[in-house]
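Please look through the structure shown below, and then follow the paragraphs after it from one region to the next.

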Amino acid sequence: MAFYLKNSRNIINNLKSKVGLSSLMKQHSCSCLNHNNYCRFPASTATSPFAPQLNNLDLNSHKRGCLFMSQRFESTIAEKQFASVQNGEDNQALDFPGGKIIFSPDMRFLSESPSAHTYCFRVLDDNGQLIKQSNYIQVSEEIAVKMYSDMVTLQTMDTIFYEAQRQGRISFYVTTIGEEAINIASAAALTSDDFVFPQYREPGVLIWRGFTLQEFANQCFGNRADYGKGRQMPIHYGSNKHKYFTVSSTIATQIPHAVGAAYSLKMDKKDACVVTYFGDGGTSEGDFHAALNFAAVTEAPVIFICRNNGWAISTPTSDQFRSDGIAVRGQAYGVQSIRVDGNDALAMYSAVHTARKMAVNEHRPILIEAVTYRVGHHSTSDDSTKYRPAEEIEWWRMARDPVTRFRKWVESNGWWSSEAETQLRSSIRNQLLHAIQMAEKVEKPPVEELFTDVYDDLPSNLREQEKLLRETISRHPQDFPADVPH
Ligand SMILES: Cc1ncc(C[n+]2csc(CCOP(=O)(O)OP(=O)(O)O)c2C)c(N)n1
Ligand SMILES: [K+]
């Protein structure tokens, strides 16, 4: 039998000094309650002066019991504290709402940075070899081969769609080059019941979940088969079937949405969590901060995955923030956090797999900072050599490519060969070229679709806009795409 007390960090010292229980107490966190705020007392506590109350508790009723006990202890301590402050004794600490505050005569400011940088968890070295004693979750041959194949699919899709944009066949594109491991390994560690609130550099999650290359192409071409009916720019994918919320260009808006969705999963007692992705730039938005705090206090099962890729368009992280990256901010909000080598697929898989268990079983948010590099330009509207050295990009592309690193590990297990590689790459390339040709042939959605799906009855301002649009098209037909029915 064991006993649990709420806010025990705050009262443990008082108990030690005033009640003399120190030899009986063992501080340790309780995973099923409010985490760090609870202490477990061993059965021997039964010999303490509090034995009659403690004996009324057991493991199953400890939550009810500890609330009762904590109220009892807190009120006793508050009374004693009040009396001792009145008497001018023991004024070194006080219970404030929310926790004990220790007073000190030293005027000491908290340092702006920790003395040591936060460690970065990795499993595979740069050469794809397992680092001895690394603490990782095993993946089966089947999962490893699918992970590798999907990373190659993502890389090939990026190359071909990027070229299609350069040829003027699609209007815009964003590549994920360099971030394939974050995309695919995180997706592999989730279940299909988990909801995804993406930024825009995570299409690999959809690849993993079975969104077809034809579906990707239909969205980029904005044709009639696109679920968004051509209303959004290319790469703004969404899929009800795959629980993947539609990409919104507006940075960081998805982060609080994810927390709300996670809170609702918790209230519905679902065995699932929510995962949201964002970049280092996204963490400068207020939405990021509100979301972390909201998730911490509601104990929402949400995994925040920050792709810290060094650049937010042309803004380097040194101009973005002065903290030791992103992971440390989780701690400030009361969220367990980890920094991971985002170019190590096994480390990403292990961290997300573990985070998912913690989120779902313990009802808590987790923050993962995946350290990586944006190898491509920000988008097809950007030329990143204007603001960063070409050698830096090349170094990451060659020496730290996550796809090659993972391939070496898969090969060293005897699960992959150069014949399989050649066959996979040529098959994906052919499928993509075919998907593009098909998507190009499908008609575009008609003009009236611009105005549907929001209101049952079009309000007068939208009717006016539609009229104005049609008049403009008839006055300037040469400026209007010939393949859009109107
Ligand atoms: C609220 C808002 N501000 C600015 C922009 C313009 N913008 C588009 S992408 C981007 C950079 C985002 O960088 P980051 O979040 O680090 O993601 P990355 O592109 O590196 O993956 C900016 C500033 C926007 N879309 N939304
Ligand atoms: K970024």
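Relative accessible area decides how each residue is described here: buried means under 20%, exposed means over 50%, and partly exposed lies in between, with a 1.4 Å probe and protein chains only. This is a predicted model, in which local features need pLDDT of at least 70 and side-chain atom pairs count only at pLDDT 80 or more, while totals for chains, interfaces and linings use all residues. Residues are numbered from 1 along each chain as its sequence is written, chains are lettered from A and ligands numbered from 1 in the order in which they are written, and side-chain values use heavy atoms, with hydrogens and water left out.

Another pairs Arg-364 with Glu-362, where the closest N and O atoms are 2.7 Å apart; here Arg-364 counts as buried, at 10% relative accessibility, whereas Glu-362 is partly exposed, at 25%.

A further salt bridge links the side chains of Arg-407 and Glu-411 (3.0 Å, N to O). Both residues lie in helix H14 (residues 402–412), four residues apart, which is about one turn of the helix; helices (H or I, at least four residues) and strands (E, at least two) are DSSP runs, numbered from the N terminus. Arg-407 is partly exposed, at 21% relative accessibility, and Glu-411 is partly exposed too, at 30%. Elsewhere, Arg-122, Asp-126, Asp-341, Arg-400 and Arg-405 are joined into one network by salt bridges that share partners.

Val-123, in the loop between strand S4 (99–102) and helix H4 (141–166), counts as buried because its relative accessibility is 0%. Leaving aside neighbours within four places in sequence, Val-123 is in contact (heavy atoms within 4.5 Å) with residues including Leu-130, Tyr-136, Asp-344 and Leu-346. Tyr-173 lies in the loop between H4 and H5 and counts as buried, at 1% relative accessibility. Not counting residues up to four places away in sequence, Tyr-173 touches, among others, Phe-161, Cys-220, Tyr-237 and Thr-380. Helix H5 (residues 180–188) is mostly covered, with nine of its nine residues buried, among them Glu-180, Asn-183 and Ala-188.

Where is open space left between the atoms? A pocket is defined on a 1 Å grid over the protein atoms alone, as an open set of points where a 1.4 Å probe fits, with protein on both sides within 12 Å along at least five of seven lines, and its lining residues have an atom within 4 Å of a point. The second largest pocket holds about 490 Å³ of space, a volume being the space filled by probe spheres set on the points, which are joined across faces, edges and corners. Its lining consists of 25 residues, of which Gly-222, Gly-230, Lys-444, Pro-445 and Val-484 lie nearest the centre of the pocket. Helix H7 (residues 213–221) supplies the largest share of this lining, three residues.

Notes:
Salt bridge = Lys/Arg side-chain N within 4 Å of Asp/Glu carboxyl O.
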